[in-house]
Amino acid sequence: MNISLIIRITVLAVVFVLYVAVSVLLMKEKTGIKKAAAKTILKGLCLIGVVAAAIIVVFNAVLMLNQIPSSSMETTVMAGDLVISTRLDSKDIERYDIMVFRTPDDPDTYYIKRVIGLPGETITVENGHVYADGVLLNDNFVNEEMDGSGDGIYEVPEGCYFMMGDNRNHSYDSRFWNGEDRYIPLEDFVAKAKVVVYPLNHFGSLGKEE
């Protein structure tokens, strides 16, 4: 769930309501508030507006704030966690990066998964393990052994990536998406997950696994 829009609307609504309230006070003669004080308040509100605008720009161009809607990345990221991601490095992708991307079946919805397969690789999922071109991949972020429901051999096209959730027995990912839609093209990645910021007991960096 992308909550950046909710933040923008909330900030703008608060600033607008405060601005209207002080403007009304300025127009009334018997409010008991001196015009000088009201003008000071208006200046403060202008400052708030500038800060709010800066926050909007940052979260539109540099950062992204998402609330995790499902358990597919547990226990790395829990359902309900708030995650800050960076947009500027969303095209600089390495294996095991945790990425935010547009979903194959609904471009208006975002998923968060881990990069497992790189462009041109053959990914083999079998017997509870994942291999890239025959090399066993790291799975120390997986909390239980995989069942065999997603077993198979997957040929990752050039310019695309094979994505899996860390909670592999409960993740709808590249193993199950249909046809070529199972591979995520570079242009569909929008941000790289960096840190869980809420709840505070989950606070921590989402550094890449080696």
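Guide: The protein chain holds two helices and 12 strands, where helices (H or I, at least four residues) and strands (E, at least two) are DSSP runs numbered from the N terminus. Along the sequence the order is α-α-β-β-β-β-β-β-β-β-β-β-β-β. The model is predicted, so local features need pLDDT of at least 70 and side-chain atom pairs pLDDT 80 or more, while totals for chains, interfaces and linings use all residues. Numbering starts from 1 along each chain as its sequence is written, and side-chain values use heavy atoms, without hydrogens or water.

The part to look at is an open sheet of four strands, ordered β7-β6-β5-β8 and antiparallel in its pairing. Its edge strands are β7 (135-136) and β8, each of which pairs on one side only. Two strands count as paired if DSSP finds at least two bridges between them. Strands of a sheet pair through backbone hydrogen bonds, either parallel or antiparallel.

Strand β5 (residues 122-126) has β6 (residues 129-132) as an antiparallel partner over four bridges. Within this pair, T124 faces Y131, and I123 has A132 as its bridge partner. β5 also pairs with β8 (residues 152-155), again in the antiparallel sense and over four bridges. There V125 is opposite G152. In a regular strand the side chains alternate between the two faces of the sheet.

The hairpin of β5 and β6 has two residues between the strands. N127 belongs to this loop, and its phi is near 55°, a positive value in a residue other than glycine. N127 counts as exposed because its relative accessibility is 63%; the cut-offs, with a 1.4 Å probe and protein chains only, are under 20% relative accessible area for buried, over 50% for exposed, and partly exposed in between.

Another residue that is not a glycine, Y96, has a positive phi of about 80°. Y96 is in the loop between β2 and β3 (98-102), and counts as buried because its relative accessibility is 9%. Across the chain, 39% of the 210 residues are buried.

Other loops hold cis peptide bonds. From E74 to T75 the bond is cis, with omega near 10°, and T75 is in the loop between β1 and β2 (82-86). The bond from Y198 to P199 is also cis, with omega near 0°; P199 sits in the loop between β11 (189-198) and β12 (204-205).

N178 is in the loop between β9 (160-164) and β10 (183-185). With a relative accessible area of 62%, N178 is exposed.

The last topic is the largest pocket. On a 1 Å grid over the protein atoms alone, a pocket is an open set of points with protein on both sides within 12 Å along at least five of seven lines, and lining residues have an atom within 4 Å of a point. The largest pocket is lined by 16 residues, with P69, S70, Y110, Y111 and I112 nearest its centre. Two or more lining residues come from each of β1 (63-67) and β4 (110-117). The largest share, four residues, is from β4.

How values were computed. On a 1 Å grid over the protein atoms alone, a cavity is a set of points where a 1.4 Å probe fits but cannot get out, and a pocket is an open set with protein on both sides within 12 Å along at least five of seven lines; lining residues have an atom within 4 Å of a point.
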